[in-house]
Amino acid sequence: MTSIAVHTTWMTGRQLKAIARQPAYVVIMLIQPVIWLFLFGSLFRKVVDLPGFGASSYLDYLVPGVVIMSALSASMWSGMTVLEEIDRGIMDRFLVLPLHRSAIINASAALQSLVIAVQSVIIVLLGWAGGAHYAGGVPGLIVLIAAAVLIAILFSAFSNTVGMLARQRETIIGINTFLLLPLTFLSTAFMAEALMPHWMRIVANCNPVNWALEAGRSAMSANPDWARVGIQGGGLALLAIATTALSVLMFRAYQKSV
Amino acid sequence: MTMDTARPAPGRTIVGTSPAIEARDLVKTYPKDIRALDGLSFAVPAGTVFALLGPNGAGKSTTVKILTTLAQADSGTAIVAGLDVRAKPAQVRHAIGVVAQRSGADPVATGRENVLLSGRIQGLRGRELARRADELLDRFGLAGAAGRRVRTYSGGMQRRLDVAMGLVHRPTVLFLDEPTAGLDPESRSAMWEEIGRLSAAEGLTILLTTHYLEEADRLASQLAIVDRGRIVAEGTPDELKGELHGDAVHLELAGHPAPEHVLAALAPLAVIREIRVEGNSLSARADEGATAIPSVLAALETADVPVRAATVARPSLDDVYLRYAGRRFAEADQSPAVPALSGGSR
C-alpha cells in the first residue's frame, strides 16, 4: 500500500500545478509584499527616530513584519480552495478513491508551507536588495521563515475549518477581512512594542502573529534570546497543531454529512 | 483514517451467482429529520445494467453514496463486489468506479492529468498507467483535448472524462449517478451508446441512477423505481410495463371539472378502468384504447364535461411510475419528497 507521504505528494503536486497555471495569482502574491515593503518603508521611514523605537533602520525592522503579514494574508484564503473543491464535487471524488484521508489535509498544509516559504525568501531577498541588514545571519532568517510557515499552517487550517463549517464563501471573506488588519496592527509588525499603548501590548502578547514576529526578530538580531525564541516558536507550533486538529475534526464531520 | 492493505486485483470478475451489488434495508436520515432512505433493498446480478429510477429527492443519490462508501447508512447492509461497504471501505474503493452527479474533475488540470491521478491513486504506475490513460482518452473521443484544461471542456466532454476517470483501474462495478443530466440530446445519445458498449464488452456491472424514463428503458436490463426512499417496483422494463394491462388513455379536459363528477360519469363504462383525474387531466387504462375512446367521449359529453384532447398510448414507464408511486413522474420531480439541501443533491 502506498504510503501517506506519497499520497500527500501527489495531492500537493496537483495544487502546486494549479497555482503555477494561474500566473495572475503568482504575480499578485509577489507584488503585494513588494508594495507593503516599499509603501510602509517610505511612509514610516522616520518612525525609527522616535525615542524608544529601538531600531536604527526601519527597513531592517520592516522585513520580518512584511514576511509574517504576507504569510497571514495569503494563507487565510486556503478555506476558499477547500470550499470550491467541495462545491465542485472534487472532494467527494477523492473520497471514493482509495486515497489516504489524511493526505487531503496534509496536502493543504504542505502546499501552504511551500508557497509561504518561497514567498518569504523572496521578500527577504528584496529587503536585502533594498539595503536591509540581517544581523542574525542565516540562522535568524531560517527562524523567521519557519515562523512564517507556522503562521501559514495555523491560519490555513483555521480557514479550512471555517470553510468546512460554514460552507459559504461569504463567511470566509467576512472573517478574513475582520481579522487581517487587527491581527497585523495589534502586533509589532510595523510598530515597536515600546511605543504601543499599554493595553495594546497586552493584546499583542496574546496574538500568535506577534509571537511569530518576536521569535523572528529576536533570532535575526545580533544577540538572539534563544530561550524566548523557543517559547514563542513552541507556542506557535502548539497553536498550529491545535487548528490542524480542529480542521481534521471538521473534515471528519464533513465526511459524515455527505 | 486507516487503509486496508489487501485489495482485489484489478479486472477481477465476480465468480458464482452472488449479486455484484446488494442493498438490504438501507435507512439514512439527514439532519432535520429528512428521511432520505426508508428501508431500501435491491440486488444487482453481476454483469448487468441496473437502473434506479425516480424523481429528484427520491433517494437515488443517497443510495449511490452509501454503496460507494461516501456516506454511511444509519442501518441496513450494503455489499458491493462481495465486500461489505461498512467493514471494508478501502477495498470497495478499489473494486468500484464512480461517476458522480457533479463532475469531480479538477478544472485547472488537463483531462489527461485527471485520468492519471485517478489511476495513480488506484495503484497503476508508469507505462501501464500512461497506456491505459491514453487508451481511455482515445476511446471517449478526448485524445485531441487531453492536454487541455478541463475548464475548457463542454458538458459532454466533461462527462466522458468522468467516465474515463472512473474506468481507469478496470473496476468490476461502475456507478453512474445521473450520467446524462444536463447534457444536450446529442451528447446524451452518445453517452447512451457508450454505456451500452461498456456493459456489453467489458462484463461490467453498472448501477445507473436516472430520472429520465427513456434512459432507464433503453439502457437497463433491470430497473427499480424509487419513491420516497423505498423501492416501489422492480423488474425488467418490459415486465413492469407488462404488468399494466392494456393501453394508457389520456384525456385533456376543458376547465377543471370536479373529479367526483367525472368519475361518476365514467363509472358505468366497462371498457376503461384505473381512472384518475388530476386537475384537467384524466388517465385510465383500456384493453383496447381505440375502441374505448368513443364511448368515453360520449359519456363525458352526456355529463357535460367537455374534452379538449384524447390520446391512446402503449404503456410507458411513466405509466408504471404513476401506478406504483401514485403520481405522475413530472409532478413528483417538480415537488420532491425530500427538499434539496444546500451544497449538494441527495
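I started with strand S11 (residues 247–253) and strand S13 (residues 281–286) of chain B, which pair antiparallel over 6 bridges. For pairing I take the rule that DSSP finds at least two bridges between the two strands. Helices (H or I, at least four residues) and strands (E, at least two) are DSSP runs, numbered from the N terminus. One bridge I looked up: Asp247(B) has Ala286(B) in S13(B) as its partner.

Residues are numbered from 1 along each chain as its sequence is written, and chains are lettered from A and ligands numbered from 1 in the order in which they are written.

Back to the sheet: S11 and S13 belong to an open, antiparallel one of 4 strands, in the order S12-S13-S11-S14 (chain B). At its edges I find strand S12 (272–278) and strand S14 (307–313) of chain B, each pairing on one side only. Neighbouring strands here are turned by 15° against each other on average, direction ignored. My axes are lines fitted to C-alpha atoms, for helices over the stretch in contact, with angles from 0 to 180 degrees between N-to-C directions.

Then I checked what covers this sheet. Helix H9 (residues 259–266) of chain B lies across S12 and S13 of chain B, at about 165° to S12(B). Contact here means that the C-beta atoms of two residues, placed from the backbone, lie within 7 Å.

**Six-strand sheet of chain B**

Next I traced the open sheet of 6 strands, ordered S6-S7-S8-S3-S9-S10 (chain B), with mixed pairing. Strand S6 (96–99) and strand S10 (230–235) of chain B are the edges; each has a single partner strand, so one side of each has no neighbour in the sheet.

Inside it I looked at strand S7 (residues 173–177) and strand S8 (residues 205–210) of chain B, which run parallel and are joined by 5 bridges. Asp177(B) stands opposite Thr209(B) in S8(B).

Two helices were worth noting. Helix H1 (residues 60–67) of chain B lies across strand S3 (49–53), S7, S8 and strand S9 (222–227) of chain B, at about 150° to S7(B). Helix H5 (residues 155–167) of chain B lies across S6 and S7 of chain B, at about 165° to S6(B).

**S1, S4 and S5 of chain B**

Strand S1 (residues 21–30) and strand S4 (residues 75–80) of chain B run antiparallel, with 5 bridges between them. Val27(B) has Ser75(B) as its bridge partner in S4(B). S4(B) also pairs antiparallel with strand S5 (residues 83–84) of chain B, over 2 bridges, and there Ile79(B) is bridged to Asp84(B). I looked into the hairpin of S4(B) and S5(B): it has 2 residues between the strands, and Ala81(B) takes a positive phi near 50°.

**Domains and confidence**

Chain B is divided into domain 1 (21–240) and domain 2 (245–314); the bounds come from an automatic or database domain assignment. Their centres, taken over C-alpha atoms, are 41 Å apart.

I then went through pLDDT, the predictor's confidence in each residue, from 0 to 100. Chain B has a mean of 85, with 89% of its residues at 70 or more. Among its elements, helix H3 (residues 111–121) has the highest mean pLDDT (97) and helix H12 (residues 329–334) the lowest (64). Residues 1–15 of chain B stay under 50, and the model has 28 contacts beyond four places in sequence for them. Residues 335–346 of chain B also stay under 50, with 21 such contacts. Where pLDDT is low, predicted coordinates should not be read in detail.

**Chain A and the contact**

Chain A has 11 helices and 0 strands. Its radius of gyration is 19 Å, close to the 18 Å that the globule rule gives for 258 residues, so chain A is as compact as a globular protein of that length. The radius is taken over C-alpha atoms, and the rule is 2.2 Å times the number of residues to the power 0.38. The C-alpha trace of chain A spans about 60 × 35 × 35 Å along its principal axes.

Last, I looked up where the chains meet: 21 residues from chain A and 25 residues from chain B make the contact. On chain A, the elements giving two or more residues are helix H1 (4–20), helix H5 (90–95) and helix H6 (101–129). That side of chain A divides into 10 nonpolar, 3 polar and 8 charged residues. I count Ala, Val, Leu, Ile, Met, Phe, Trp, Tyr, Cys and Pro as nonpolar, Asp, Glu, Lys and Arg as charged, and the others, Gly among them, as polar. For the complex, the predictor gives an ipTM of 0.88 and a pTM of 0.82.

Terms used. This is a predicted model: local features need pLDDT of at least 70, side-chain atom pairs count only at pLDDT 80 or more; totals for chains, interfaces and linings use all residues.
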